[in-house]
Amino acid sequence: DEMGLGKTIEVLAWLALHPEKRPVVIVCPAHLKLNWANEIRNTLPGKQKVQVLYGTDASQPIVGDIIIINYDILHQGWLDPITNLSPQVLVIDEAHYCRNSKALRTKAVRKLARKVPNVLALTGTPIVNRPIEGYNIIQMVDKTLFPNFWEYAHRYCDAKQSWFGWDLKGAS
């Protein structure tokens, strides 16, 4: 959905319909953490304990029903403590941040997504440059849709072998 069409409120409505699915982890850019916290407090019924995580000191206790963390600190010590909570829902806001398989943030979010039964990915930024940029997001949301990377690469990315390895920058 484009910006301003209500992706956040769609997620919050889904969470309201599934109060048994806690804890929830929301991964987003740092500048959106407080916005998420405010929207949750103003929208969700009941007493949801919202915890916003800051910094790289992952020794502080995580006690929220809904935990909000930004991409940049997830891989800096927070990944294991969050995974150990056995989150039931992972919300990946601005999911296009996870398009590069080599980026630390993508690796951290993918690792977390593998352990979470419900993954919701939000983005208002279409991935129009290359189909390969959508693969990570698709994998995090539904691992069964394209379980084989190479089938996806050949079908959608016009995969070609070159002198320098595989070229996956095309579209087919």
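**Overall fold and cysteines of the predicted chain**

Of the 172 residues in the chain, 41% are buried (under 20% relative accessible area, with exposed meaning over 50% and partly exposed in between, for a 1.4 Å probe and protein chains only). The model is a predicted one, in which local features need pLDDT of at least 70 and side-chain atom pairs count only at pLDDT 80 or more, while totals for chains, interfaces and linings use all residues. Residues are numbered from 1 along each chain as its sequence is written, and side-chain values use heavy atoms, with hydrogens and water left out.

The chain contains six helices and seven strands (DSSP runs of H or I with at least four residues, and of E with at least two, numbered from the N terminus). Their order along the sequence is α-β-α-β-β-α-β-α-β-α-α-β-β. The radius of gyration, taken over C-alpha atoms, is 17 Å, close to the 16 Å given by the globule rule for 172 residues, so the chain is as compact as a globular protein of that length. The rule is 2.2 Å times the number of residues to the power 0.38. Along the principal axes, the C-alpha atoms fill a box of roughly 55 × 35 × 30 Å.

Zero disulfides are present in the structure (a disulfide being a pair of cysteine sulfur atoms within 2.5 Å). Cys 28 is in no disulfide, and the nearest cysteine sulfur, that of Cys 98, is 12 Å away. Cys 28 counts as buried because its relative accessibility is 0%. Cys 98 is likewise buried, with a relative accessible area of 0%.
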